[in-house]
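Trainee: Can we go through this one together, starting with the sheet and then moving on to helices and rings?

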Amino acid sequence: MSHLSEECDDRGLSLPGTNCVTHPVILLRRSGSELLTFRRGPRSELPRIVLSGRQQVAESVNQDVRSQLGIAAYSLFTIKVPASDPSPGTYEVMEAREDVSCAPMDCAWMPVEHIESENFNEEDSSAVSAAIREMRSYARGWAIGPFGKPGWLEDLLCWVQKEIEPRGLRLSGDLRQFNPCPMCALLRMETNGSAVWFKAVDETNVREVSIATALARELPVYVPSVIATHPSLHGWLTTECEGLTLSEIDSASAWEEAAEAIAKLQIESRGKIDELLNAGCRDLRIEELLRQADAFMEVMAELMERQEKVSPPALTKKEVIALGASIKQAITDWPKLNIPDGLGHLDISPHNIIVSPDRCVFLDWGEAYVGPPFLTLDFLRGHFRQSAISEGGLDFTLVTRYRKQWEFILPVAVVTEGLEIAQLLAPFAYALGMDHWRDREKVFSSENAGYFRSLIRRMHRESRKLQERRRACLNS
């Protein structure tokens, strides 16, 4: 067993029990009919890949299988099975991209019908059985998950090639798979020209397809160009945008450029409100914020009453009621400023913004909304303060670049007051946009309760700051 030894060899492949950090893979081929195994004495083993650690696990596994086994493969799904240690064992279930005629040294392709006769250890045996059951469930349509079914990638690549041919493009064979999941997909595919991207979402986020298409049509300067949509997969194909994400750039000026671009985008979106709402953007206009305020605050009051931890202290019912009144006052004050509704992004982050010398492009619009535009700047400011380049959280220049665009069409005093109110309305609108608060089982779950309480505490702090600023103005 030359390269499948007790120690990591020069190709990085290892077996269980070595000192190397490994990840087990269940590698299938021929529509899931065969499994790659190798012999270790009388026992069959699954390959364990030494993770390179360069990317997230899912992407790393795909690249490491190719470099260590010489097989181009893609992920279908992951499974977890009980293990000897307290943590469950996680296995990546994958399929070879091409019909590999031979196996790596000391390995063999085994028909899955014969797997039960193989002498796997208990954990591997459980994992293989579970993987085959789940794979067949996706293949036969018993489970919903188009990207858990063997063969989906080749079908998708055929569709992509057909769509890009009129542009004079051909797929080169190189691709990267991000965040593999049976319900979703994100792929970057190389061509003889610029790369293309395919993204697919599950049914809960299907509005992102129509939003992405509408934005590419209505505001093409600020988003990737959509080449085609794939309705049955809830997916769409786009061109790649030149540049780097904000998270990859160590420069405050790049953040400032992004803030300015957001303002320009929002100003241009003013006349496209109906189109954006029809495309599926969340309706967070002032009337909708006011309509939901009382019901939301009632749920938050009960959430605070249920808090068991002493620290940080829960807001009293009186404090929650006062906060609700402050939020409703801010909502009532907003229309007096005559700031037009615009396109906003509840999930804007440095990972979703591409900056180049020519323009800024904004990605992942599943959390797009229509309403007070200044809220988006507050979300961006929060990310900037947490970034490594922020100087003690100072974002004065970033805000200046944003507000300057709005001051071309609005009075300075209006922009100033709008930005102050937005700091209170931003966490409120974000909480409403999450939708979980409408589901009592979700909002009171341990997974979500703490997060909603933290949002309420932030609203409480912003409410007090807003009141203090207003008192200072009255006394000046």
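**Strands, a helix and some rings**

Trainee: How many bridges join S10 to S12?

Mentor: S10 and S12 run antiparallel and are joined by 5 bridges, where two strands pair if DSSP finds at least two bridges between them, and where helices (H or I, at least four residues) and strands (E, at least two) are DSSP runs numbered from the N terminus. Before we go on, this is a predicted model, so local features need pLDDT of at least 70 and side-chain atom pairs count only at pLDDT 80 or more, while totals for chains, interfaces and linings use all residues. Residues are numbered from 1 along each chain as its sequence is written, and side-chain values use heavy atoms, with hydrogens and water left out.

Trainee: Which residue is the bridge partner of Lys199 in S12?

Mentor: It is Trp236 that bridges to Lys199. Stepping back, the open sheet is formed by 5 strands in the order S8-S9-S10-S12-S11, with antiparallel pairing. Its edge strands, each pairing on one side only, are S8 (171-178) and S11, and neighbouring strands are turned by 20° against each other on average, direction ignored.

Trainee: And what does H4 touch when it packs on the sheet?

Mentor: H4 touches S10, S11 and S12, and its direction makes about 155° with that of S11; contact means heavy atoms within 4.5 Å, and angles run from 0 to 180 degrees between N-to-C directions, with axes fitted to C-alpha atoms, for helices over the stretch in contact.

Trainee: What should the 12 residues of H4 span, at 1.5 Å a residue?

Mentor: The expected span, 1.5 Å times one less than the number of residues, is 16 Å for helix H4 (residues 207-218), and its end C-alpha atoms are 16 Å apart, which agrees. Several H4 residues are buried, including Glu208, Ile211, Leu215 and Glu218, with buried meaning under 20% relative accessible area, exposed over 50% and partly exposed in between (1.4 Å probe, protein chains only). Those buried residues pack against several elements, among them helix H6 (273-279), strand S15 (342-345) and strand S18 (368-371).

Trainee: Changing topic, is Gln266 buried or exposed?

Mentor: Gln266, which lies in helix H5 (residues 252-268), counts as buried because its relative accessibility is 0%. A polar atom of its side chain lies 2.9 Å from the backbone oxygen of Pro373. Leaving out residues up to four places away in sequence, Gln266 touches, among others, Gly342, Thr376, Tyr402 and Trp406.

Trainee: How many aromatic pairs does the count come to?

Mentor: The count comes to 13, where rings of Phe, Tyr and Trp (its six-membered ring) pair if their centres lie within 6.5 Å, and planes under 30 degrees apart are stacked, over 60 edge-to-face and the rest tilted. Trp159 and Phe198 form an edge-to-face pair, 5.9 Å centre to centre with 75° between the planes. Trp159 sits in helix H3 (residues 152-164) and Phe198 in strand S10, so this pair ties together parts that are 39 residues apart in sequence.

Trainee: Which residues do ring pairs link into a cluster?

Mentor: The cluster consists of Trp334, Phe374, Tyr402 and Trp406, linked by ring pairs.

Methods. Polar contact = N/O pair within 3.5 Å; in protein donor to acceptor, adjacent residues only side chain to side chain.
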